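Please open the model in your viewer and keep the selection tool at hand. The stops below are meant to be taken in order.

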Amino acid sequence: MADAENKPTTALDKSPATTDAAPGSPAKEPPASSPTTTTALPSARDDAPINTAAAVVTIAPEEELQPDDSDEVDSVFDDGDSAIASLHSSTTSLRDELILQVKEHGRQYQGYLEAKYVLPMDEQELERLDFQCHLVWLTLDKQHSTAPIQNIQRALDVGCGTGIWAIEFADEHPEAEVLGVDLAPVQPQCVPPNLIFEVDDLEQPWNFTQRFDYIHCQLMIGAFQDWPKFFRQSREFLAGPNSYTEVHDIDFFIRCDDGTLPPDSYLAKWHELMHDAANKAGFPLDAINKVPEMMAEAGYIDIVARQVKWPINTWPRDQKHKELGKWAHENFSWGCESMSLALFTRVLGWSADEVRVFMISVRKDLRDRRLHAYWNFWIVYGRRG
């Protein structure tokens with residue numbers, strides 16, 4: 001199996017307060033009664049020089065989760081307690097010459113203008129993406145956005161995937177025109193009349209003929225290579241001073257506050273290998289914790305960021321986080337192989353069989369309720385000003 005040395009540092013031995021703190025800024029303790037912590041950056045005039053030093057923020061995580069000791073006798077998460085429903089997604093056909101399809105290791109990958117996904121885009125992955133979108137919806141307390149958006153006329157969904165978010169947002173806002181853009185044409189044909197989908201690479205220069213009141217970007221960590229460019233372009237294509245860009249994404253560092261996740265566990269090793277491969281491929285997996293500063297540098301104001309913990313399974317005592325853990329466990333047990341297969345084989349030189357065998361041990365760790373580990377999920381939005 002591939003050598004696992006010289007891997008990036010994980011956050012296993014650091015508390016999130018010190019890990020997420022900006023250099024030179026003191027870590028802040030979250031309020032004991034608050035389930036999430038929100039931090040806002042100072043406002044600035046559009047024509048004023050951006051004081052990036054003043055824009056450096058310390059964003060504290062949620063308060064520490066407590067394990068559900070009453071269930072510790074059943075230490076391994078029951079796969080039979082599955083949150084999976086059949087989330088079927090039909091596909092639409094666009095001009096075949098635009099689409100590059102490659103089959104690797106039995107999975108189908110798609111791209112446009114020679115830009116490639118590191119995730120497969122076959123039916124199995126499309127169902128997981130719909131499932132993952134539901135996990136985010138639960139995380140946001142069954143909302144599709146948190147920015148204080150009003151009077152939306154046009155909205156853009158960046159990297160819309162299967163289109164499920166765009167469809168539901170268009171249903172919620174029949175007064176708005178909604179555009180979903182992705183590299184792969186995997187969206188359904190039957191959609192609300194105020195929604196259209198386009199195939200495009202949004203890391204290229206944008207050429208939209210109209211601007212947007214709201215730009216939504218969800219779970220694009222590992223897809224974009226140049227995040228500062230994205231924020232410059234998104235701000236340029238916002239319609240006015242009360243228009244917003246909002247980002248929902250995971251900080252793909254596994255964390256543990258009580259020492260129950262051994263640094264040499266398969267779960268910790270998987271994250272180290274993922275960061276190693278993604279960095280070599282040019283798709284950093286730790287970009288989300290830099291998003292508030294990148295938005296400020298692009299000229300956004302009134303930037304608000306908060307974090308919600310995604311437990312690896314149902315280990316927390318708190319009922320909301322227990323539910324989030326149930327869905328997060330299914331998402332990552334289902335998706336760990338698809339997330340890893342292209343990166344590990346293309347970049348790290350593993351064989352497909354080595355990846356599949358390794359994922360058996362990763363899934364075993366994900367099921368183990370004695371491991372009180374979690375990821376931070378970030379919700380960040382900023383106003384054009």
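The tour goes from a strand to its partners, then to a helix, and ends at a pair of helices.

This is a predicted model, in which local features need pLDDT of at least 70 and side-chain atom pairs count only at pLDDT 80 or more, while totals for chains, interfaces and linings use all residues. Residues are numbered from 1 along each chain as its sequence is written, and side-chain values use heavy atoms, with hydrogens and water left out.

Select strand β5, residues 154–158, where 5 of 5 residues are buried (under 20% relative accessible area, 1.4 Å probe, protein chains only); helices (H or I, at least four residues) and strands (E, at least two) are DSSP runs, numbered from the N terminus. R154, L156 and V158 point one way from β5, and A155 and D157 point the other way.

Next select helix α4, whose buried residues are W165, A166, I167, F169 and A170; their cover includes α3, β5, β6, β7 and β8.

Finally, show helix α6, residues 266–281, and helix α8, residues 319–346, which pack at an angle of about 40 degrees with axes 10 Å apart (axes are lines fitted to C-alpha atoms over the stretch in contact, and angles run from 0 to 180 degrees between N-to-C directions).

Definitions and conventions. Buried means under 20% relative accessible area, exposed over 50%, partly exposed in between (1.4 Å probe, protein chains only). Contact means heavy atoms within 4.5 Å.
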